[in-house]
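Subject: Structure handover and notes

Hello,

Here is the structure we spoke about, with my notes below it. Please read them with the model open.

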Amino acid sequence: SLSLEQKAGIEFAYIELLSSRWGRRGGNSIPNIERYIEAHPEFFVQAIVWVYKRKDGAQDPAEFQRPAEGGKVLAEKGHTLLEGIDRIPGHNELGDLDVGCLLKWIGTVRQSSRELSRIDITDICIGRLLSCSPVGKDGVWPCEVVRDVMEDIQSEQIIRGACTGAYNSRGVTSRMQGEGGGQERDLADKYRKWSLALRSSHPYVASKLLMKISSGYESNAEREDLEVSISQRLR
């Protein structure tokens, strides 16, 4: 009998318990907040305002300002929300993720954030959210809708946020003693193959996102190999 707003409010009150801080693998239990944010992009902006300061040092409009009492709590909850949501907004009436709907949602968020002097950090937050994309029907990540949107917007900060989100989604790893960087090299190969698959249709995504992630994992693999080599010499 509760409305979406009421259910989202209950989830927000307990968001520290319900939201996963460890990437997409753990999932989360805030589906109503995610749907509320999809329908009300201004709440996504509000969370950013609670957490991050204006770049120009000016004062926010009264409706966006944190209250003097409880402001720190809202900032903590806002941060948990921004890190915890993983449902990409922009679904149409049939429930399918849609390029036009997603572009409209992002455009609304970016416009408000630009007016509130927070466009850079907003793009990073959007990128982290877009990194939750599933693999596309063609077996390539990100899915078709997300890659189309990234290619259309071509924001370096969105790419930065997506890279960070992709790395964080890996979670905690373990390896056998002396294993080296084999895991990272496999990941680098996977992202490189995806980059090659998109280099003609989505050159920006292929070069700025996928090859960047691939290169990052290559560097991590070399570091792991070096650590094993040093450890063996010290024995």
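I start with S117, which counts as buried because its relative accessibility is 16%; buried means under 20% relative accessible area, exposed over 50% and partly exposed in between, with a 1.4 Å probe and protein chains only. This is a predicted model, in which local features need pLDDT of at least 70 and side-chain atom pairs count only at pLDDT 80 or more, while totals for chains, interfaces and linings use all residues. Residues are numbered from 1 along each chain as its sequence is written, and side-chain values use heavy atoms, with hydrogens and water left out.

Backbone

S117 is found in the loop between α6 and α7. Helices here are DSSP runs of H or I with at least four residues, strands are runs of E with at least two, and both are numbered from the N terminus. The phi of S117 is positive, near 60 degrees, in a residue other than glycine. Q154 is not a glycine either, and has a positive phi of about 50 degrees. Q154 follows α8 and sits in the loop between α8 and α9. With 42% relative accessibility, Q154 counts as partly exposed.

The peptide bond that joins W141 and P142 is cis, with omega at about -5 degrees. P142 belongs to the loop between α7 and α8.

Salt bridges

How many salt bridges does a search of the whole structure find? The search gives 11, where a salt bridge is a side-chain nitrogen of Lys or Arg within 4 Å of a carboxyl oxygen of Asp or Glu.

One of them pairs the side chains of R118 and D60, at 2.8 Å from N to O. R118 is in the loop between α6 (99–115) and α7 (119–130) and D60 is in the loop between α4 (41–51) and α5 (71–84), so this pair ties together parts that are 58 residues apart in sequence. R118 counts as buried at 4% relative accessibility, and D60 counts as buried at 13%. R118 and D60 are also linked with R54 and D56 in a network of salt bridges.

D123 and R110 form another salt bridge, with their closest N and O atoms 2.8 Å apart. Because D123 lies in helix α7 and R110 in helix α6, the pair ties together parts that are 13 residues apart in sequence. Both D123 and R110 are buried.

D138 and R147 form a salt bridge too, with the closest N and O atoms 2.9 Å apart. D138 is partly exposed, at a relative accessible area of 44%, whereas R147 is buried, at 3%.

Helices

α7 has 12 residues and reaches 16 Å from its first C-alpha to its last, close to the 16 Å expected at 1.5 Å a residue; the expected span is 1.5 Å times one less than the number of residues. Of its 12 residues, 9 are buried, and α7 is thus mostly covered. The buried residues include T122, D123, I124 and C125. Their cover includes α4, α5, α6, α8 (144–153) and α9 (156–168), contact being heavy atoms within 4.5 Å.

In α8, the residues V145, V146, R147, V149, M150 and E151 are buried.

Q46 lies in helix α4 and counts as buried at 13% relative accessibility. Not counting residues up to four places away in sequence, Q46 touches E63 and F64.

Cysteines

The structure holds 0 disulfides, a disulfide being a pair of cysteine sulfur atoms within 2.5 Å. The cysteine sulfur closest to that of C101 is in C143, 14 Å away and too far for a bond. C101 counts as partly exposed at 29% relative accessibility. C132 is in no disulfide either, and the nearest cysteine sulfur, that of C143, is 11 Å away. At 10% relative accessibility, C132 counts as buried.

Surface

L2, I10, Y14 and L17 form a nonpolar patch on the surface, with about 450 Å² of accessible area together. Patches are made of residues with over 30% relative accessible area and no salt bridge, joining like charges within 9 Å and nonpolar side chains (Val, Leu, Ile, Met, Phe, Trp, Tyr) within 5 Å. Accessible areas come from the Shrake-Rupley method with a 1.4 Å probe, and for residues only the protein chains shown count as cover. L2 is found in the segment before α1 (4–13) and counts as partly exposed at 43% relative accessibility.

Regards
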